[in-house]
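Please look over the sequence and the model before turning to the points below.

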Amino acid sequence: MSTGNVLLGLLAAGPGHGYDLKRRHDERFPEARPLAYGQVYTSLQRLVRDGLAEVDATESDGGPERTTYRLTERGSLTLRTWLGEPVPPAPVSAANEIFAKVTAIIASGFGDPAAFLRLQRAAHLARMRELTAVKTVAGAPLSAVLSADYALTHLDADLRWMDNAAQRLGALAEEVTSA
Amino acid sequence: MTTPLIEARGLVKRYGTTDALRGASLRLLPGEVLAVTGPSGSGKSTLLHCMAGIVRPDEGEVRYGAERLDQAGENRRSTLRRTDFGVVFQFGQLVGELTALDNVALPLLLAGTSRAAAHKSAGTWLERFGVLGQAGLRPGEMSGGQGQRVALARAMVTAPKAVFADEPTGALDSLAGEQVMTALVHAARESGTSVLLVTHDAQIAAYADREATVRDGVVETEDEPAAEVTR
Ligand SMILES: Nc1ncnc2c1ncn2[C@@H]1O[C@H](COP(=O)(O)OP(=O)(O)OP(=O)(O)O)[C@@H](O)[C@H]1O
Ligand SMILES: [Mg+2]
């Protein structure tokens, strides 16, 4: 997900200057990494260069000059296209690191893969408890609940994979050591 | 260290040639929500039944305060299940001929509470679990999820010391499951009730304070209690 596309989405709600856009983003997605202002600024320049955004106004009511940007026709079309496309279903890299460690533990003999998976399960569940606490707090905004749910369902998927792997460690060890 | 509310030590339970439990030990602390997870057939339900005094283990002990549940007679154990413990299973344990309201009021009526007071309290618990609208329905007229919530309301209505719930959200979709868990955990915290929760679902287990995992009839891991539960 490019910052450019995110900014197009934010500009669709109405013109704004760089800091406005950063704030809109950070408020709407409280669990996401905050947008870096420098990144917002360079991405806006690029959008203008590509004709996807343009300067709406430049104001300086007493303070420093601030440039407000708005979406162009082309920007709006680009946004429409982006929003109409599915996100590529990428595998979750965390699960791959777990698999890499399990395999390396077997291959190196450094430790016990079953014990490692138990340790990993405890770490995952501890994180899931934190996320559950975040989303069940009274009056939690739906955006926070849904962000927490997204993380929870991904952690849950890792755990299912780990349960599955834990029950087949013997066969995996044979495959790894015979290779 | 906190004295457990209920403690199982070295439980063995055999069914014919099957060893359902092979030396399982577990502590349920006062006021905590404890998730018990593990593969199918690993002995989770059997462990829950032993700790709730529903089933007597062949070996090992179950302590409830100064009492040995594994040695208590059927009368004493069934009294405890009416007064000190609440139990919820995955499927049907409501009385089919009674409405939801009467089902929830039943344990109070059996304990000698007046009809009016029992119904009032039952209504409050149905509301907490979001099924007050179903108060007049019989179990056969409710969805699986609604029945499950009524069963939880019935388990909580006597303000028990412990609730034993075996896959209480097993029949629910994830959103309904979350509502039930939120209501259960909230109610348990408020009344200081311990909950032993058997589940396959890690997202449900994440509502608990601790997790114990069962494998091949033994408790394989049990999270350390958080530094003194303070609430
Ligand atoms: N009443 C019974 N009669 C005979 N065998 C039983 C009985 N209850 C349990 N078992 C056996 O004991 C073992 C453990 O069963 P238990 O129901 O405790 O497992 P579980 O972990 O709850 O499984 P699940 O997740 O599938 O509910 C199984 O092999 C089961 O077949
Ligand atoms: Mg079971």
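Predicted model: local features only at pLDDT ≥ 70, side-chain atom pairs only at ≥ 80, totals over all residues.

Which residues make a nonpolar surface patch of about 340 Å²? The patch is formed by Tyr19(A), Tyr37(A) and Tyr41(A).

**Overall form of chain A**

- Chain A contains eight helices and three strands.
- Along the sequence, these elements of chain A follow the order α-β-α-α-β-β-α-α-α-α-α.
- The radius of gyration of chain A is 23 Å, whereas a compact globule of 179 residues would have a value near 16 Å.
- The C-alpha trace of chain A spans about 70 × 45 × 30 Å along its principal axes.
- Buried residues make up 33% of the 179 residues of chain A.

**The annotated domain and the tyrosine patch**

- An unreviewed UniProt entry carries the annotation "domain: Transcription regulator PadR N-terminal" for residues 7-79 of chain A.
- Within residues 7-79 of chain A, 49% of the span is helix and 21% is strand.
- Tyr41(A), one of the residues of the nonpolar patch, is located in helix H3 of chain A, which covers residues 37-49.
- Tyr41(A) has a relative accessible area of 44% and is therefore classed as partly exposed, since that class lies between the 20% limit for buried and the 50% limit for exposed.

**The sheet of chain A**

- Three strands of chain A form an open sheet in the order S1-S3-S2, and their pairing is antiparallel.
- Strand S1 (16-17) and strand S2 (53-59) of chain A are the edge strands; each has a single partner strand, so one side of each has no neighbour in the sheet.
- S2(A) runs antiparallel to strand S3 (residues 66-71) of chain A, and six bridges join the two.
- Within this pairing, Glu54(A) has Arg70(A) in S3(A) as its bridge partner.
- S2(A) and S3(A) also form a hairpin with six residues between the strands, where Gly62(A) has a positive phi near 85°.

**Strand pairing in chain B**

- In chain B, strand S1 (residues 6-15) pairs with strand S4 (residues 59-64) in the antiparallel sense, over five bridges.
- Ile6(B) is placed opposite Tyr64(B) of S4(B).
- S4(B) also pairs with strand S5 (residues 67-68) of chain B, again in the antiparallel sense, over two bridges.
- On this side, Tyr64(B) has Glu67(B) in S5(B) as its bridge partner.
- Two residues separate S4(B) and S5(B) in their hairpin, and Gly65(B) in the turn has a positive phi of about 60°.

**Salt bridges**

- Side chains of opposite charge can pair when their charged atoms come close. Over all chains, the structure holds 30 salt bridges.
- One salt bridge joins the side chains of Arg129(A) and Asp223(B), at 3.2 Å from N to O. This pair crosses between chains: Arg129(A) belongs to helix H6 (residues 113-136) of chain A, and Asp223(B) to the segment after strand S10 (218-222) of chain B.
- Asp223(B) is partly exposed, with a relative accessible area of 21%.
- Asp209(B) and Arg189(B) form a salt bridge in which the closest N and O atoms are 2.6 Å apart. Asp209(B) is in the loop between helix H7 (202-205) and strand S9 (210-215) of chain B, while Arg189(B) is in helix H6 (residues 174-191) of chain B, so the pair ties together parts that are 20 residues apart in sequence.
- Both partners of that pair are partly exposed: Asp209(B) has 28% relative accessibility, and Arg189(B) has a relative accessible area of 30%.
- A further salt bridge links the side chains of Arg215(B) and Glu220(B), with 3.2 Å from N to O. Arg215(B) is partly exposed at a relative accessible area of 27%, and Glu220(B) is partly exposed at 32% relative accessibility.
- Arg27(B), Glu32(B), Arg210(B) and Glu222(B) are connected in a network of salt bridges.

Methods
Residues numbered from 1 in each chain as written. Chains lettered and ligands numbered in written order. Heavy atoms only, no water. Patch = residues over 30% accessible without salt bridge, like charges linked within 9 Å, V, L, I, M, F, W, Y side chains within 5 Å. Areas by Shrake-Rupley, 256 points an atom, 1.4 Å probe, with all protein chains shown as cover. Salt bridge = Lys/Arg side-chain N within 4 Å of Asp/Glu carboxyl O. Helix = DSSP H or I, 4+ residues; strand = E, 2+ residues; numbered from the N terminus. Buried < 20%, exposed > 50% of the residue type's maximum accessible area, 1.4 Å probe, protein only. UniProt positions renumbered as here; feature names shortened; annotations may be inferred. Pairing = 2+ DSSP bridges. Rg over C-alpha atoms; globule rule 2.2 N^0.38 Å.
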